[in-house]
Amino acid sequence: MELQALEQALCPKCGNLVSELNELTGWCAPCSIKQVCPKCGREYRRGAHCSYCTSANVRYKDRIADLREEGYTAREALKIVRDEIRPKCAVCGEPITRSRQGSVICRRNPVCSEANRVYKAKRRNRIPKDQALQETLDEIHGTTVR
Ligand SMILES: [Zn+2]
Ligand SMILES: [Zn+2]
Ligand SMILES: [Zn+2]
């Protein structure tokens, strides 16, 4: 049989006979692109994050458990947590919708847009985030008549 002439290797990870092992990992191709999460033991793609452990379900499981004790269903509790973790505008306090990662100020109100502009300019000048935000808020509140 010609097939048997092919050199086969045993993947130490999954135990399958494969035609070749990845030189770096010593595992077969499918095993080499996977990584086992040290926390939950689930496999995920190398270089990514474990989607299970990074999901709101797990990251906020204590908070969800509290809500469930208060009588919320799992689905309701998850929704509440999602609302709680949504970034809120540092100026007006409203949740930022469709925000890009790291957004701290919305554009809903003129004062927020202005704050956004000031903040971005400060960040371009390499002012650290916290400081830039504090200065922005000081400036904005200084010019806002309430
Ligand atoms: Zn394998
Ligand atoms: Zn995990
Ligand atoms: Zn705002």
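User: What does the chain average in pLDDT?

Analyst: As a general idea, where pLDDT is low, the predicted coordinates should not be read in detail. In this case the chain averages 86, and 90% of the residues score at least 70.

User: How many helices and strands are there?

Analyst: Helices (H or I, at least four residues) and strands (E, at least two) are DSSP runs, numbered from the N terminus. By that rule the chain has 6 helices and 4 strands. Read along the sequence, the pattern is β-β-α-β-β-α-α-α-α-α.

User: At what angle do H3 and H4 pack?

Analyst: Two packed helices are described by the angle between their axes and the distance between the axes. Axes are lines fitted to C-alpha atoms, for helices over the stretch in contact, and angles run from 0 to 180 degrees between N-to-C directions. Helix H3 (residues 61-69) and helix H4 (residues 74-85) pack at about 130°, with axes 9 Å apart. H3 and H4 are therefore oblique to each other; angles under 35 degrees count as roughly parallel, over 145 as roughly antiparallel, 65 to 115 as roughly perpendicular and the rest as oblique.

User: Which residues of H3 and H4 meet?

Analyst: Two residues are in contact if their C-beta atoms, placed from the backbone, lie within 7 Å. On the H3 side are Arg-63, Ile-64, Leu-67 and Arg-68, which meet Ala-74, Ala-77, Leu-78, Ile-80 and Val-81 in H4. The residues of this contact divide into 7 nonpolar, no polar and 2 charged. For those classes, Ala, Val, Leu, Ile, Met, Phe, Trp, Tyr, Cys and Pro count as nonpolar, Asp, Glu, Lys and Arg as charged, and the others, Gly among them, as polar.

User: Is Val-91 buried or exposed?

Analyst: A residue is buried if 20 or more other C-beta atoms lie within 10 Å of its own, exposed if 12 or fewer, and partly exposed in between, with C-beta atoms placed from the backbone. Val-91, in the loop between H4 and H5, is buried because 24 other C-beta atoms lie within 10 Å. Not counting residues up to four places away in sequence, Val-91 touches Ile-105, Val-111, Cys-112, Ala-115 and Ile-140. Val-91 and Cys-112 are 21 residues apart in sequence and 6.1 Å apart in space, C-alpha to C-alpha. Of the 146 residues of the chain, 12% count as buried.

User: What is the phi of Arg-126?

Analyst: Most residues other than glycine have a negative phi. Arg-126 has a positive phi of about 65° although it is not a glycine. Arg-126 is found in the loop between H5 and H6, and is exposed because 7 other C-beta atoms lie within 10 Å. Ile-127 also lies in the loop between helix H5 (110-124) and helix H6 (129-143). Ile-127 is partly exposed, with 16 other C-beta atoms within 10 Å.

Conventions:
Residues numbered from 1 in each chain as written. Chains lettered and ligands numbered in written order. Predicted model: local features only at pLDDT ≥ 70, side-chain atom pairs only at ≥ 80, totals over all residues. pLDDT = per-residue confidence, 0-100.
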